[in-house]
Amino acid sequence: MIGRYLVLSSLMFALGAYGVVARRNLLIILMSVELMLNGVNIALLSFARLHASSSGSAGHVFVLMVMGVAAAEVSVGLAILIAVFRVRKSVDTGDLRSLKG
Amino acid sequence: MDLVFAVAAAVSVVAGFGVVTQRNPVYSAISMLVCFLSFAVIYLKLGAPFLAALHVLVYTGAILVLFLFVIMLLNLKPEELGEEYSALTKGILAVLCAGLFLGLAIPLWQEASRLAPAAEPPAGFGGIEAVGKSLFVEYALPFELVSVLILVAIFGGVVLAKRKI
């Protein structure tokens, strides 16, 4: 019953991981990170539903924390992207090799 | 088979594929919108109406608009979108990610079938009152720490994106 929600959450996590490693556009990499975080959120909510009790909803609070972290991550990530684009005129990760030895 | 779950899951998987395969970031962002809306339906199915509402507000209302804003701000021409990895590299990475999926899904499925099936949740579970009580009583310190994190992120965003301070 709850297992298929967990399968969906692992599928979204794996899809996001594919987007992070197989794409070179920084914008799409950031969107894929969002997909991964959402996959984790579904897993957290599934287990919160599985262990539902009246004593508290720790799983729901955890999802709220993940949402806060995701919002902070996106704002900083997009600011870095704008700064990189201003210097390099590119959003391709293949062009960002100034740290390569 | 639960029809609502089946439709929402199918839509979110198709839209998720759209996010990671589309060449144009605008199409990816629109796929992400569809994906997030079907996630909200899944949150409702999991007995979390408050978080479903927050998800729509935060993700489609703030994060997606921020993505679209940056896409419009950069105004990328088709030749500026960057190169892609070769089909062979993408295939190998897809196989690896399929392995990651199986490695996550199989233990989770076994764990879920080993545990007792979910009982009917208590009244008000996942509502704004239950979550708010947990958040402001039991988890007040982490909540405050998240607000500090967001404050730091605001400063970071301004410092990074501004030309001259």
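A salt bridge is taken here to be a side-chain nitrogen of Lys or Arg lying within 4 Å of a carboxyl oxygen of Asp or Glu. In the predicted model described here, the side chains of B:E111 and B:R114 meet in such a salt bridge, with an N to O distance of 3.2 Å. Because B:E111 and B:R114 are 3 residues apart in helix 4 of chain B, about one helical turn separates them. With a relative accessibility of 31%, B:E111 counts as partly exposed, whereas B:R114 has a relative accessible area of 60% and is exposed. Elsewhere, salt bridges that share partners join A:R23, B:R23, B:E84 and B:K90 into one network. Over all chains, the count by this rule comes to 8 salt bridges.

The fold of chain B can be described next. Its secondary structure comes to 6 helices and 0 strands, so that from the N terminus on the elements run α-α-α-α-α-α. The radius of gyration of chain B is 20 Å, well over the 15 Å that the globule rule gives for 165 residues, and chain B is therefore more spread out than a compact globule. Along its principal axes, the C-alpha trace of chain B spans about 55 × 45 × 25 Å. Of the 165 residues in chain B, 35% are buried. Among contacts in chain B between residues at least 6 apart in sequence, 57% join residues that are at least 24 apart.

Chain B also meets chain A, with 81 residues of chain B in contact with 69 residues of chain A. The area buried between the two chains is about 7000 Å², and carbon and sulfur atoms give 78% of this area. In chain B, the residues that lose the most area to chain A are B:V20, B:L46 and B:F67, which together account for 10% of what that side buries. Between chain B and chain A, 7 residue pairs are in polar contact, both residues being at pLDDT 80 or more. The side of chain B that touches chain A receives two or more residues from each of helix 1 (3-21), helix 2 (25-45), helix 3 (49-74), helix 4 (87-114), helix 5 (128-138) and helix 6 (140-161) of chain B. Helix 3 of chain B gives the most to this side, with 12 residues. By class, the side of chain B that touches chain A has 60 nonpolar, 11 polar and 10 charged residues.

The count of salt bridges between chain B and chain A is 2. In one of them, A:R23 is paired with B:E84, and the closest N and O atoms are 3.3 Å apart. A salt bridge is also formed by A:R4 and B:D2, whose closest N and O atoms are 3.9 Å apart. This pair crosses between chains, from A:R4 in helix 1 (residues 3-22) of chain A to B:D2 in the segment before helix 1 of chain B. Both A:R4 and B:D2 are buried. Within chain B, a polar contact of 2.4 Å joins the side chains of B:D2 and B:K45.

Within chain A, A:R24 forms a salt bridge with A:D92, the closest N and O atoms being 2.9 Å apart. This pair links distant parts of the chain, since A:R24 is in the loop between helix 1 and helix 2 (26-50) of chain A and A:D92 is in the segment after helix 3 (58-88) of chain A, 68 residues apart. A:R24 counts as buried at 12% relative accessibility, and A:D92 likewise counts as buried, at 3% relative accessibility.

How values were computed. Residues are numbered from 1 along each chain as its sequence is written. Chains are lettered from A and ligands numbered from 1 in the order in which they are written. This is a predicted model: local features need pLDDT of at least 70, side-chain atom pairs count only at pLDDT 80 or more; totals for chains, interfaces and linings use all residues. Side-chain values use heavy atoms; hydrogens and water are left out. Contact means heavy atoms within 4.5 Å. Buried area is the accessible area (1.4 Å probe) that two parts lose on being put together, summed over both. A polar contact is a pair of N or O atoms within 3.5 Å; within protein, one must be able to donate a hydrogen and the other to accept it, and residues adjacent in sequence count only if both atoms are side-chain atoms. Helices (H or I, at least four residues) and strands (E, at least two) are DSSP runs, numbered from the N terminus. Ala, Val, Leu, Ile, Met, Phe, Trp, Tyr, Cys and Pro count as nonpolar, Asp, Glu, Lys and Arg as charged, and the others, Gly among them, as polar. The radius of gyration is taken over C-alpha atoms; the globule rule is 2.2 Å times the number of residues to the power 0.38. Buried means under 20% relative accessible area, exposed over 50%, partly exposed in between (1.4 Å probe, protein chains only).
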